[in-house]
Amino acid sequence: MHLSELTHPNQLHGLSIHQLEQIARQIREKHLETVAASGGHLGPGLGVVELTLALYQTLDLDRDKVTWDVGHQAYPHKLITGRYNQFHTLRQKDGVAGYLKRCESKFDHFGAGHASTSISAALGMAMARDLKGENFKTVAVIGDGALTGGMALEAINHAGHMPKTNLLVVLNDNEMSISPNVGAITRYLNKMRLSPPVQFLKDNLEEQFKHIPFVGETFTPEMERLKEGMKRLAVSKVGAVIEELGFTYMGPVDGHNLEELIATFKQAHTIQGPVLVHVVTVKGKGYAIAEKDQVGYHAQNPFNLATGKGLPSTKPKPPAYSKVFAHALVKLAENNPKIVGITAAMATGTGLDKLQEKLPKQYIDVGIAEQHAVTLSAGLACEGMRPVVAIYSTFVQRGYDQIIHDVCIQNLPVFFCLDRAGIVGADGPTHQGMYDISFLRCLPNMTIMAPKDEAELQRMVVTGINHTSGPIAMRYPRGNGYGVPLMEEGWEEVPIGKAEILRNGDDLLILGYGSMVYPAMQTAEILSEHGIEATVINARFVKPLDTELILPLAQRIGKVVTMEEGCLMGGFGSAVAEALLDNNVVVPVMRLGVPDTLVDHATPEQSFASLGLNPSQMCDRILATFSRKQSPVSV
């Protein structure tokens, strides 16, 4: 059977090991071909090909439910559930999503973009099944990196308390999340995996058996079972911990041995209550370059499959915002030992790997545990340290309660650096950084700023470090800056709550925030061609808003437009409208940003165009709105 003929996972039933191995090779070929051409997550899916095939051969996917943690590892799942012919559209507009998506396929039983959710979701499905008197299997596939997340541990604790609820948890243990995993759980798994007894058995046991008379090069089934039994005895401490939590433990199983995997899953399905199957895999399996560099090849932009190197760029690009942030932070930290950078398993993505290289004592990786990262930073701030919490906008949502209770209520000087704020592109709705302005600006004591370019980001890093009167957040977009000159030293702070005028005009007041300041300037230039001269303000801060500058200008000019790369509800435009209303400045206000909708996966350029947020589109919208006879309403 060719992979293209596989349109339903139940077609795997009855296939031989040889046939499954052929499909595994085809999955890896298609996976690599697609990601090399269009980019995407590489290593995670390559590591679970055999796991996926073996698991699905033991399930009836017309009835049984599987939840995949995150979705990075679900590319093989997509290829065998009817999406082979569309897989070349991966992460492209109107194409196959990079994550699980319930509306995309009936086999995507639970959508996931953030980690550590699979066990909770699968347990919920299992409990619903039992309450309804139905009979189907529920499975959660979770990586060892995701076990560092509190939700996963909470779910294990709950499931272990329910001995009559059938639930299978498959632990995909590859020693990695994006970067190498951290924490006691990972250390314990590694300790067992790398302990002298296990290493001895792995390296020497088979060789010793060969010298036993009458055994030689071949093992009888009995000797195979003895060998495997001795291996399991050596790592039984892992199983003991799991079983103390109420699970039946099985493993560790070779995650690339189809025969062993199928036999284990079949046995696991016969056991009552929660079961955990410990599967050991290699991230990037089958592509030697990815196996050697598991961090670098977690995800890739388009690349040359033969060499593994990225495709040459047509012209040099300005530095990425995350790189500029990292450089500025390292510079400041070198002269201030109180500065501590904190990441939640995203060192390379946030740029904190540079801090780790230069100043490892001032660097902390807490694993996939954003809640802990926030409260840890609060504890550091209590003792006079200057914690810098670098987390993607979409992930900081997971620590929201801690931001309120542990940081804002206690008014602690924690500096939140929210990377990937706004439209992020191919990762889709789960990763768009749309909501941080709205959910942070309502919090007492919080200061919120956004740079217009990479040079202003440098100054705002200084501002955040020096702001000791309470918490402060800085949001900045994914991707590259504008190529403006960067300062090597002598960076000045940005005065808290102070905006700046970039352009003067008497016909319209445009307020741009963060990444929308340059598009605001471009829009103003186009409007000028239509005879409309606009004043353009770089707001810099959404809280506190520079009302001393904005209110008189709004009153004098009489027409206001706000521009932001975030949700309109409760966002920057709302803050401006509220300030005008509270101060009895009654003028027409037009808000441009992301409406009350989910932004799907596409290139950022496509997303901006579909939202009407390109400068030419915004110009047309402004002209249409302010040419009406009646007072314009917010849009």
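Asp144 sits in the loop that links strand S3 (138-143) to helix H6 (150-159); helices (H or I, at least four residues) and strands (E, at least two) are DSSP runs, numbered from the N terminus. The model is a predicted one, in which local features need pLDDT of at least 70 and side-chain atom pairs count only at pLDDT 80 or more, while totals for chains, interfaces and linings use all residues. Residues are numbered from 1 along each chain as its sequence is written, and side-chain values use heavy atoms, with hydrogens and water left out.

Asn174 belongs to the loop between strand S4 (167-173) and helix H7 (184-193). Leaving aside residues up to four places away in sequence, Asn174 touches Asp144, Thr281, Lys283 and Gln294, a contact being heavy atoms within 4.5 Å.

Asp144 counts as buried at 2% relative accessibility, and Asn174 is buried with a relative accessible area of 10%. Buried means under 20% relative accessible area, exposed over 50%, and partly exposed in between (1.4 Å probe, protein chains only).

Turning to the whole protein, 57% of its 635 residues are buried. The secondary structure comprises 25 helices and 19 strands. Of the contacts between residues at least 6 apart in sequence, 76% join residues at least 24 apart.
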